[in-house]
Amino acid sequence: MNNHTNNDNVTVRTIDLVQKGLARRYKSEKRFKMIGLCAIIFSLLCLAGLFVSISGSGYTAFLQTKIELDVFLDPSVLNPNNLSGADFHGLVKRSFYNMFPEVKDRREKKKLFSLLSSGATYDLTDFVKANPGKIGETILLWVPADDDVDMLIKGHMNRDLPESERRLDDVQVSWITRLEKQAKIEKKFNTTFFTAGDSREPELAGIWGATCGSFYTLFITLVLSFPIGVAAAVYLEEFARKNRFTDVIEVNINNLAAVPSIVFGLLGLAVFLNFLGLPRSSSLVGGLVLSLMTLPTIIIAGRAALKSVPPSIREAALGVGASKTQMVAHHVLPLAMPGILTGTIIGMARALGETAPLLMIGMVAFIVDIPAGFTDPSTVLPVQIFLWADSPERAFMEKTSAAIMVLLLFLVVMNSAAVFLRKKYEQRW
Amino acid sequence: MKKVLLNVWVLVFIMGVGYVHAKSRDYISIVGSSTVYPFATVVAETFGKTTKFKTPKIESTGSGGGHKLFGSGVGVQYPDITNSSRRIKKSEVEKAAANGINEIVEVKIGYDGIVIANSKKAALMDLSVKDLFLALAASVPNPDGTPTVVPNPYKTWKSINAKLPEIAVEVLGPPPTSGTRDAFVELVMDEGGKKFDFINAMEKTDKKQFKTICRTIREDGAYIEAGENDNLIVQKLEANPNALGIFGFSFLDQNIDKIQGSSIDGVQPVFEAIANGSYPVSRPLLFYVKKAHVDQIPGIREFLKEFTSEKAWGSEGYLTDKGLIPMSADERKKYYDIANNLIPLNPSDL
Amino acid sequence: MPESPTPIKRRNQLVDRNIRDTVGQSSVPNPRMRCKNVSVYYNFGEKKAINNISLDIGQNEVIAMIGPSGCGKSTFIRCLNRMNDTIDGCRVEGQILLDETDIYDKKIDVVPLRAQVGMVFQKPNPFPKSIYDNIAYGPKIHGLVQNRQETDEVVEKSLKRAGLWNEVKDRLNQPGTGLSGGQQQRLCIARTIAVNPEVILMDEPCSALDPIATSIIEELIDELKQEYSIAIVTHSMQQASRVSQRTAYFHMGDLIEIGPTEQIFLNPLHELTNDYITGRFG
Ligand SMILES: Nc1ncnc2c1ncn2[C@@H]1O[C@H](COP(=O)(O)OP(=O)(O)OP(=O)(O)O)[C@@H](O)[C@H]1O
Ligand SMILES: [Mg+2]
């Protein structure tokens with residue numbers, strides 16, 4: 001209280017001391033800010049680099065080279081009563097050969113036909129089945145070109161290299177050049193990529209099967225791990241008595257969160273497949289395994305979030321006569337929800353990107369059919385990326401990048417959803 | 001309200017599990033070798049698109065992993081077919097028999113060549129299995145000629161063979177878990193080792209010692225395990241013209257604009273040379289069918305028919321487009337009959 | 001059962017500061033709440049915060065609790081509706097009766113107890129919900145209101161009694177945490193009286209209030225005591241003398257003196273009480 005008089009006597013005033021240290025304090029503040037800024041810029045640059053390099057090599061996958069065929073829907077080939085038995089393959093062949101009347105030799109013909117994807121036949125089949133009324137007419141149909149043609153058109157194969165070093169020889173290139181002049185070959189938006197399942201033909205491969213698989217798997221994961229995780233967190237944090245037993249549980253949960261994910265795959269193999277006999281490769285089992293993996297994350301995040309709710313709120317609720325359950329359900333949990341949601345989203349995002357545990361339960365597999373339910377064999381986006389990255393065909397490279405872009409998009413959507421939900425909660429409370 | 005939701009949730013879950021349990025499988029389940037995977041998947045896809053059956057599900061588990069799953073039992077939860085880049089082992093057949101699998105149909109589908117390739121920017125290499133053995137074994141015969149082994153002293157190709165260029169030995173190859181590695185060790189390293197008389201003699205007298213010498217790859221950095229992803233090896237070769245890479249023929253086939261396959265013992269790894277057997281590093285590719293599952297799982301017969309059709313595995317078939325080296329017409333005939341008549345393997349043939 | 005009365009000391013001859021037995025009449029006939037030999041331990045028995053206190057709260061009475069900071073006033077008042085149950089490692093010994101039933105009995109449900117014995121906390125702690133929901137929450141969970149209209153009435157009435165209505169009537173949907181400290185405290189008072197408790201415990205309800213708001217609360221206390229019993233902790237001796245009939249003086253966990261408010265302030269019997277009210281202590 002008497003500082004003032006003291007200071008007057010000794011002539012050293014607090015303000016002088018403050019002033020002296022001020023420059024240093026500001027400097028260190030500035031330095032700290034700079035470091036933070038640099039960190040942010042660095043991570044943004046890394047992110048941008050990742051995006052640019054991936055989109056740079058992946059965007060071409062969104063376009064697909066297609067060839068326009070004039071197909072005469074020959075009524076003698078296509079019997080409207082028995083379309084399934086019709087020789088669509090022959091029809092496609094004939095139509096394509098008609099565009100190059102000078103190609104007579106059998107070997108040459110084979111080479112010519114290899115410019116078309118095997119998907120051409122399926123496209124024609126689908127078209128005729130959808131428009132049986134068109135039989136007897138001549139139609140124009142854009143069908144997919146072979147992946148080698150696609151690579152050439154997109155410039156991933158160099159036309160100037162000597163013939164022996166290309167997968168397409170000079171004659172084939174000359175045919176393609178001719179089609180280009182006639183505007184019969186064109187890059188079009190690649191709907192197949194977004195609607196098809198996996199395929200060994202890059203031009204027919206799509207991401208939809210894996211997307212559905214991811215969706216089913218994550219759905220199971222969320223439905224299981226969120227309620228169970230929240231319930232466990234609430235119980236441990238709000239109801240369980242703190243004793244050695246709960247300590248052991250806490251240590252174990254923390255351990256589980258750090259266990260390598262492949263271990264959960266092994267566990268899933270032993271329990272869900274071998275013991276419970278659930279179907280291998282199904283998104284149900286995938287979801288179960290991933291929820292085991294996600295649970296500790298959610299529990300830990302949930303407990304931290306619950307802990308951060310101020311005790312005064314609990315007292316307030318109890319003080320007006322709320323029961324413990326009401327206190328938790330009406331006050332504590334809603335306040336902790338943003339934190340729990342963040343933890344959940346982090347856990348789910350990790351689950352979305354996981355492949356290792358799925359290997360053990362057979363989800364790293366070639367699956368063409370789009371899964372229609374939780375028990376159908378299915379794969380997930382990162383596995384699809386892994387499988388494509390491992391395929392010999394050059395054209396799968398751009399598919400890989402494109403699939404990564406889709407995966408990143410999903411992550412962005414998920415995280416935005418998390419931010420949105422959080423905002424909403426925060427407004428309500 | 002919340003309670004009701006919770007009950008519904010539990011109920012649905014229990015019912016779901018129960019329902020799943022009772023359900024049978026209506027698609028073929030295939031496991032096994034990653035080398036056969038690219039071929040089996042093409043057949044499966046064609047099969048799925050051209051028949052009324054569902055597309056088979058194919059997992060790439062490696063040959064050993066495939067046999068293990070395949071041999072665990074009979075029933076919908078076990079795979080119907082396993083792919084393999086080597087013949088089934090006697091022990092595997094026995095294990096399967098112990099689990100109630102008595103009849104296994106063995107179908108060979110063709111051959112795969114293992115290539116030793118480098119970037120097109122570098123000179124084509126002309127190697128022998130002996131050169132490769134000397135370059136990659138952990139211990140090699142003493143250069144002074146005495147019949148003893150010393151830790152591999154060779155740093156450059158020229159020091160191994162004066163005809164070879166003066167560049168450091170640097171080989172990217174698959175890890176021990178890979179079937180390609182197994183085949184490479186067996187076909188190149190064993191054969192290379194046998195070029196030395198005392199090692200050759202050892203095969204009879206001390207098989208264990210023989211294997212240790214021939215099959216232990218050096219770990220001083222000259223051999224770099226590049227992971228299972230062969231595409232990655234191709235990319236690394238492109239970036240480093242001095243390095244050689246070891247992988248399956250189909251990756252060479254898909255990347256002939258970037259890499260070239262070294263000739264082994266004077267033979268280039270081209271389609272014809274592998275098919276007629278003159279290229280030394282090639283191995284059979286096979287698959288095994290559990291006979292008890294035929295007619296239980298829909299479509300197995302039809303799948304075998306598709307796989308063994310000329311349009312698939314024939315010399316002009318679509319599998320050759322994917323890099324499969326087809327069998328001779330006679331062999332094809334033999335295995336066509338086995339596959340379509342489901343003639344089981346006789347374990348004593350192994 | 002009333003204890004044997006402590007012998008009244010002569011005026012001017014105060015009880016020595018080292019004697020910590022309660023001076024004065026701690027019991028009243030027909031009490032609302034009766035505490036017998038209450039001791040409270042914190043940190044699993046490591047720290048004794050309250051030492052053997054016996055005290056009655058009469059019907060329709062306002063009892064004030066005063067004493068230096070940290071002497072155990074809050075701890076004691078929190079025992080009366082078992083708020084100390086929520087603190088890990090806190091143990092209450094002794095007996096506390098509400099209308100002759102032991103509230104620490106195993107069979108006693110704390111939920112109705114706390115509805116009956118309401119509490120206003122030392123630090124304002126509104127729910128992070130709207131002002132309206134803050135008030136409506138208690139009546140809702142106890143089923144005191146059946147529809148929106150009844151709820152509206154309760155909310156309005158409670159806010160008016162706590163002297164907050166005029167300030168917030170236009171923004172009932174805004175969060176209660178957005179109010180000023182004093183407003184928040186009145187909101188908490190309103191929240192407590194909205195459930196119509198029979199005993200109200202107030203832990204420094206006016207510590208953040210200006211004189212006008214304080215006088216509103218004091219009027220409220222006057223009004224409430226017609227029906228209820230009120231225990232109020234306060235650091236303002238003026239307030240204690242204005243609102244209370246009896247006053248208890250706490251010192252380091254001991255109940256030093258209790259008696260009619262007037263007597264405590266004008267004629268304390270204990271040396272410590274005397275020091276405190278004359279400002280020589282704390
Ligand atoms: N949760 C707790 N854990 C441990 N000790 C506590 C706890 N709460 C209070 N105490 C201790 O108990 C004693 C009494 O505290 P209490 O809060 O009852 O004091 P008070 O009389 O209300 O003081 P004030 O007038 O400052 O509010 C203090 O010494 C305090 O440190
Ligand atoms: Mg206090």
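E398(A) and K154(A) form a salt bridge, with the closest N and O atoms 2.8 Å apart; the term covers a side-chain nitrogen of Lys or Arg within 4 Å of a carboxyl oxygen of Asp or Glu. Between domain 2 and domain 3 of chain A the count is one salt bridge, and over all chains the structure holds 53. This is a predicted model, in which local features need pLDDT of at least 70 and side-chain atom pairs count only at pLDDT 80 or more, while totals for chains, interfaces and linings use all residues. Residues are numbered from 1 along each chain as its sequence is written, chains are lettered from A and ligands numbered from 1 in the order in which they are written, and side-chain values use heavy atoms, with hydrogens and water left out.

**Domains 2 and 3 of chain A**

- Chain A is assigned domain 1 (2-59), domain 2 (62-197) and domain 3 (208-425); such bounds come from an automatic or database domain assignment.
- The C-alpha centres of domain 2 and domain 3 of chain A are 44 Å apart.
- In contact (heavy atoms within 4.5 Å) are 13 residues of domain 2 of chain A and 14 residues of domain 3 of chain A.
- These two domains of chain A bury about 1000 Å² between them, 61% of it on carbon and sulfur atoms; buried area is the accessible area (1.4 Å probe) that two parts lose on being put together, summed over both.
- Three residue pairs are in polar contact across this interface, both residues at pLDDT 80 or more; a polar contact is a pair of N or O atoms within 3.5 Å, where within protein one must be able to donate a hydrogen and the other to accept it, and residues adjacent in sequence count only if both atoms are side-chain atoms.
- On the domain 2 side of chain A, α6 (147-153) and α8 (191-195) each supply at least two residues; helices (H or I, at least four residues) and strands (E, at least two) are DSSP runs, numbered from the N terminus.

**Chain B against chain A**

- Contacts join 39 residues of chain B to 44 residues of chain A.
- The area buried between chain B and chain A is about 3800 Å², with 51% from carbon and sulfur atoms.
- Five salt bridges are found across this interface; among them is R394(A) with D257(B), whose closest N and O atoms are 2.8 Å apart.
- Residue pairs in polar contact between chain B and chain A number 14.
- α2(B) gives the most to the side of chain B that touches chain A, with seven residues.
- Strand β4 (residues 365-366) of chain A and β2(B) pair in the antiparallel sense over two bridges; pairing requires at least two bridges found by DSSP.
- F366(A) has I58(B) as its bridge partner in β2(B).

**Domains 1 and 2 of chain B**

- Chain B is divided into domain 1 (28-111 + 284-349) and domain 2 (113-282), with C-alpha centres 30 Å apart.
- 10 residues of domain 1 of chain B are in contact with 10 residues of domain 2 of chain B.
- About 800 Å² is buried between these domains of chain B, 59% of it on carbon and sulfur atoms.
- In domain 1 of chain B, Y111(B), G323(B) and I325(B) lose the most area to domain 2 of chain B, together 46% of what that side buries.
- Between domain 1 and domain 2 of chain B there are zero salt bridges and zero residue pairs in polar contact, counted with both residues at pLDDT 80 or more.

**Chain A and chain C**

- E315(A) and R78(C) meet in a salt bridge (2.8 Å, N to O).
- This pair runs from helix α13 (residues 311-319) of chain A to helix α1 (residues 73-79) of chain C.
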